[in-house]
Amino acid sequence: MIINIPENSDFSIHNIPFGIFSTKDRSPRAGVAVGDHILDLAATAELDVFDFNTAVFERKDLNDFIFLGKEITSKVRKDIQHWLQDDASPLAGKPELFVKRSEARMHMPVCVGDYTDFYSSIEHATNVGKMFRDPENALLPNWKHIPVGYHGRASSIIISDQPIYRPKGQTLPKDSNTPVFGPSQRLDFELEMGFVVGKKTTLGESVSTAEAEDYIFGLVLFNDWSARDIQKWEYVPLGPFLAKNFASSISPWIVTLDALEPFKVEGPEQKPEVLPYLQYEGKKNYDIDLEVALAPENGEAETICRSNFKYMYWNMAQQLAHHTVNGCNVHVGDMMASGTISGKGEDSYGSMLELAWMGTKPLTLKDGSERKFINDGDTVVMRGHAEKDGKRVGFGEVRTKVLPAK
């Protein structure tokens, strides 16, 4: 092995995820995570080992690289896997091609043109329906027929380690008919996965469920921050607005669909049968273990949720097929998030809204403090990995600290 990869590393030889990094002496550029290191793709390109215009590796985002298509991007990944295991490869004896991840700064991996958030976990949708509507009719009539979604705000998608400010807005106090303005008192995280569109379509064109994976480059961890009290007041009749558009945090490394191929699993049974354009063949869900940890200011992080991406009722292929069935065009770098990923057990709920059941069952942390929602100074950390037959493919983490409202 050209470089040592620690056992149980998220960034094993089976992964090779892409991102944008910089160091004190290297401008933002493309790289791949390998164990505790990053292979500098711009520097590697100077060895003349690639047969395409490698200026794409010197860009501040991966859009142009992804635009080259999977025939090229997949070959780059496979070549790197081969080179890392070949002591006579072009990478051998060239430590200058690698930098320590601890010494690098990560940047947004893609320029996100458009962002869509789905609502595709039946457990999450049912829990929210029970809290806010009739428990006997928790799901709205359309939920099992379409992957419900809404258009979010691309400009406020941010990279891990960038803090957010508590959002402000209108809320309606209990037993009042008049709203008040101020910082949200019910700030929440949402445990999600996001996928990056890897192939553009033209206006009027649709992507089928059979074609969808050709249009998905890879996945990131996605924390879709939510202000529940602002949302409750504003969401009727047009849906989320200020409660969602203030920030969404992503992990910096895009894990390719190629790397996740071994972890495909069957999804939940869909009843009633979906319409033909949403039907699919084969395994479209992914067995990815997810967890959320919360760390109070100057305190120790502790896990408060364990879930799995395999629980999703609506899969990514269906989401993309539905998104484009009306002719809506998509572009390389567009991002689509899964919606909150909750499981059946109370410890697998993917939001504080569910974990503390709308504030009626506060969580008690190790320091004795209680949480109904997220406090100023809290840091939320999401992690995810897939593991099978000795192969581990992980996402690292998305870490975000909450600062007081400006």
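Let's start at Pro237, which sits in the loop between helix 5 (228-234) and strand 16 (248-250). Helices (H or I, at least four residues) and strands (E, at least two) are DSSP runs here, numbered from the N terminus. This is a predicted model, where local features need pLDDT of at least 70 and side-chain atom pairs count only at pLDDT 80 or more, while totals for chains, interfaces and linings use all residues. Residues are numbered from 1 along each chain as its sequence is written, and side-chain values use heavy atoms, with hydrogens and water left out.

Now, what is the peptide bond from Val236 to Pro237 like? It is cis, with omega near 10°. Lys271 and Pro272 are also joined by a cis peptide bond, with omega about 0°. You'll find Pro272 in the loop between strand 18 (264-265) and strand 19 (285-286).

Most residues other than glycine have a negative phi, and most peptide bonds are trans. With that in mind, look at Asn298: its phi is positive, near 60°, and it isn't a glycine. Asn298 belongs to the loop between strand 20 (289-295) and strand 21 (302-308). Asp389 isn't a glycine either, yet it has a positive phi of about 50°; its loop runs between strand 25 (379-388) and strand 26 (391-403).

Next, go inside to Leu39, in strand 3 (residues 37-40). Leu39 is buried, because its relative accessible area is 0%. What does it touch? Contact means heavy atoms within 4.5 Å, and beyond its neighbours within four places in sequence, Leu39 is in contact with several residues, including Ala30, Val32, Ile80, Leu91 and Phe98.

Helix 4 (residues 122-132) is another spot worth a look. Eight of its eleven residues are buried, so this helix is largely enclosed by the rest of the structure. Among the buried ones are Ile122, His124, Val128 and Met131. Part of the cover over the buried residues of helix 4 comes from helix 8 (352-355).

Charges come next. A salt bridge is a side-chain nitrogen of Lys or Arg within 4 Å of a carboxyl oxygen of Asp or Glu, and by this rule the count comes to 25. Take Glu213, which pairs with Lys264, their closest N and O atoms being 3.0 Å apart. This pair links distant parts of the chain: Glu213 is in the loop between strand 13 (191-197) and strand 14 (216-224), and Lys264 is in strand 18, 51 residues apart. Glu213 also meets Lys284 in a salt bridge (3.3 Å, N to O). Lys284 lies in the loop between strand 18 and strand 19, so this pair ties together parts that are 71 residues apart in sequence.

How accessible are the two lysines? Lys264 counts as buried because its relative accessibility is 14%, and Lys284, at 12%, counts as buried as well. Lys264 has a salt bridge with Glu261 too (3.6 Å, N to O), and Glu261 counts as partly exposed, at 44% relative accessibility. Elsewhere, salt bridges that share partners join Asp188, Glu190, Asp224, Arg228 and Lys244 into one network.

Conventions: Buried < 20%, exposed > 50% of the residue type's maximum accessible area, 1.4 Å probe, protein only.
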